[in-house]
Amino acid sequence: MEIEQLEIRDFIARSAPLERLPGGLLDEIAASLEITYFRRGTTFLSPGEINHSVYLVRTGAIEIYDETGSLYAHSSDGEWVGHRSVLRGGEVQLTVRTLEDSLLYLVPGELFKRLVSDFTEVARFFDERATDRLRSATEGVHGYADALNTVQVRELLHGGALVVQRTDSIGEVARQMSQLDASACLVVDGDEIVGIVTDRAFCTQVAARGIGVSGPIARIMTPNPITIDPNSVAAEAMALMARRNIKHLPVTHGSEVMGILTATDLLRRQGHNIVYLVNRIHEAKTTEELVTLAGQLPETLVALVESSMTAYDIGHVVSSVGEAITVRLLRMAEDELGDPPIPYAWVVAGSLARDEQAGRSDQDNAIILSDNYRESSHGEFFEQLARRVSDGLDACGYEYCPGDVMATNPRWRQPQKVWSGYYREWIESPEPKALMYTSIFFDVRAIHGTVSLLDEIKKDVLARARGNSIFLAHLAGNALQFHPPLGLFRNFVLEAGGTEEKALNLKKRGVVPVIDLARVFALASGLAEINTQDRLEAAAASGGLSETGMSDLRYAFEFIGALRLRHQAEQIRRGQEPDNFVAPERLSSLERRHLKDAFEAVRTMQKAMGSRFQVARLS
Amino acid sequence: MNLADLLFRSPERRRRRLASSHPTGPLGAYLSRPLPSDKVTIQDLEILSLDLETTGLDVCKDSILSVGYTLVRGGRVVLSESGHHIVRTDAPLPRESVVIHKISDDQVREGQELVDVLGELVPKLAGRALLAHFSRIERRFLEAATQEIWGVKLPLVVIDTLEIERRKLGRVQSEVAPHYLRLFNCRDRYGLPRYRAHNALEDAIATAELFLAQMAHRGRSLDRIRLRDM
């Protein structure tokens, strides 16, 4: 038979981890395959069954659930299902179901086991996937995924958990938490855990909804928290947190409370390189050293993506590196130029301010000087300072801002009163040009110097913007200029320009529309949050956005952001410059499906915003 | 003997009649096993998906160029039971055969004799249903070939994925555009991948997959669909 000419054989030869197997063996695999087809929603492996085959998804999508009914893993085109049970001797422990109509290739279990025992790369591939969903790590960043797989939750705990009774008052619990510097506590009724309270609850419940502090803590707790066993591996805890979007996980063994595992505990462990990286940045003596350290950012990003952290957390981590480099450059410049002659604040704008930096970022920055600034005596110092920092950032990979929004531009290096004037003008006469700046200068954070210089402006700006319906209408109109594509299969709206024509710009068509929407919601409610997801959450808490609208947009933003990060990590792994352009054919059918939902959510909110802020009346 | 056999010249009745007069050889092997009963379920039925590439559509003038087949058993395509043969012929190949089927004159000169190919294929059909997309071609060329070689038209039980699709679509629209029923357009509707067309084995596998998809979309398990429901 001419099996070697079949397309099926080509597909097998392309599927990891079989790519490097000898040709004769690939022929043998192809010749011994069976093919089956399941309609969507078909459960084809159930706990307790005996499975003799390993499935390779040719087309379609598969969902795998654990015994508690939580989603354990997804598989799509070119990915494997059923290897766990075959390697275990056949007994199925997870429920495997088709999410879409699926065509599956079956490799006989005996042949599969032979591949695993004869080829270490095959063994390694399936071994890494056996315990969790983390992607196989590339050379050089291998330690990350491994660390998460081998470390047990108990090793990450430090100290026990604060435990309070459900009848304790909110005020008393708050006092205990702040005394112990605890970010969360467990609420019990007798011996039984009935809820968890995080420090966020004091903002979202007590402050935002005006719940009195004399009431019982049970009023503001999240009931029935999910718990984890101390013997579970850290990767499992991370996957659980990511899936449920929680940052605190009570660790219990039987009825004994061992502690509360936080996202920070995990971050500290699996991101020890990042903590280390930030430390070294703060100790760097020369720009050259900084450039070398900044060079580690791409591989760090790959590791973060592989550790299945959320886009939200990755954004914070990557931004913390950007922030550290900027602060270090400022300190080095001050060391050489001498102490600043007058107070000033170094302000960052855009993605760094929002804690949303990804694979590649330009620099956006500005200086707010105190009002006793005199050009003749102080001008030289700040010009020099701005120049050094801006050049240093560029050398570290944060390229010069194409729109010249940098402290080196005299326009963006002004005393506080001039800045106040800028903002007043942007709010009161929202010309198109002004609106362009709003999207930059309404996402700002002071990271060095006299931070209060910015805080005072912000307070005034938030108060002015909130009640100004004309400004908000313009801002909303501005937020509607980029729409997500209408559809994914045939209606991909392609971006103009060179080689990137056949790809979807995830940033412009997916990320930016949500950032813009969140900014409008935040300013309309006078909220100081800068991060997009924080803005959405705060807007919902203050009643400026519905709970559904909030969670839909957050999900969309998180999903699109995660997809973009995965794409950039993939490019870095291939030695390319990360960008935002994803070729549709590189998306699995599952990703396409979720992306379609995400775009749909963004479009729905854009429409709602258009009518709510009466954008149509502007023209 | 049941009533149906008496009233209709059923293939099974013909098989039994022929079996006594052709006890040996590949034909004997085929005829010695009962054709599948129409009560058998798709789960239990063995099906040979067959595709023939020919020099044209006219049974009298055209000849078989290649034969590809694979087995469908228990809801799975079993590739270890598949085969592909190029048939030797002296007739010059029409240009389109070369272009579409990618079979060259040289390959055909070195191919197997039709009698040897049938000698392998026909016993593999024994006790099984034949599956093809637009089965008229496979059925007619196969009947003509066995007629020529053994003097017997093979009694066959045939399942046709095109017919299944036509009937399914016919329920919602009175007229179905012909291109809608082509193998690759049918496969598209079930989310099956696009194979490069026109190697006989590849087409036989493609047809077998389409059949599995059609059965899956009936929404009943295979042990509750019977051959007569085709």
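# A guided look at a two-chain model

Guide: Let's start in chain A: Pro17(A) is found in the loop between α1 (7-14) and α2 of chain A. This is a predicted model, where local features need pLDDT of at least 70, side-chain atom pairs count only at pLDDT 80 or more, and totals for chains, interfaces and linings use all residues. Residues are numbered from 1 along each chain as its sequence is written, while chains are lettered from A and ligands numbered from 1 in the order in which they are written.

Visitor: What makes the peptide bond from Ala16(A) to Pro17(A) worth a stop?

Guide: That bond is cis, with omega near 0°. Most peptide bonds are trans.

Visitor: What is it about the phi of Asp355(A) that gets a mention?

Guide: Its phi is near 60°, which is positive, and Asp355(A) is not a glycine. Most residues other than glycine have a negative phi. Asp355(A) lies in the loop between α16 (350-353) and β16 of chain A.

Visitor: How do you know whether Asp355(A) is buried or exposed?

Guide: Count neighbours: a residue is buried if 20 or more other C-beta atoms lie within 10 Å of its own, exposed if 12 or fewer, and partly exposed in between, with C-beta atoms placed from the backbone. Asp355(A) has 23 C-beta neighbours inside 10 Å, so it is buried.

Visitor: And what does the count say about Phe134(B)?

Guide: Phe134(B) has 16 C-beta neighbours inside 10 Å, so it counts as partly exposed. Phe134(B) also has a positive phi, near 60°, and is located in the loop between β4 (129-132) and α7 (136-150) of chain B.

Visitor: Why is Arg411(A) called exposed?

Guide: Because Arg411(A) has 11 other C-beta atoms within 10 Å, it falls in the exposed class. You'll find Arg411(A) in the loop between α17 (375-395) and β17 (413-415) of chain A. Its C-alpha atom is 9.0 Å from that of Ala366(A), though the two are 45 residues apart along the chain.

Visitor: How many helices and strands does chain B have, and what counts as one?

Guide: Chain B has 10 helices and 5 strands. Helices (H or I, at least four residues) and strands (E, at least two) are DSSP runs, numbered from the N terminus. Of the 230 residues of chain B, 37% count as buried.

Visitor: What makes up the contact of chain A with chain B?

Guide: It takes 21 residues from chain A and 23 residues from chain B, where two residues are in contact if their C-beta atoms, placed from the backbone, lie within 7 Å. On the chain A side, β1(A) gives the largest share, 5 residues. That side has 10 nonpolar, 5 polar and 6 charged residues (Ala, Val, Leu, Ile, Met, Phe, Trp, Tyr, Cys and Pro are nonpolar, Asp, Glu, Lys and Arg charged, and the others, Gly among them, polar).

Visitor: How do you know that β1(A) pairs with strand β3 (residues 76-86) of chain B?

Guide: Two strands pair if DSSP finds at least two bridges between them. β1(A) and β3(B) share 2 bridges, in the antiparallel sense, so the pair meets that cut-off. Glu34(A) has Val78(B) as its bridge partner in β3(B).

Visitor: Why are α19(A) and α21(A) described by the direction words they get?

Guide: The axes of α19 (residues 432-441) and α21 (residues 469-479) of chain A come within 10 Å and cross at roughly 80°. Axes are lines fitted to C-alpha atoms, for helices over the stretch in contact, and angles run from 0 to 180 degrees between N-to-C directions. Angles under 35 degrees are roughly parallel, over 145 roughly antiparallel, 65 to 115 roughly perpendicular and the rest oblique. So α19(A) and α21(A) are roughly perpendicular to each other. Among the residues making this contact are Leu435(A) of α19(A) and His474(A) of α21(A).
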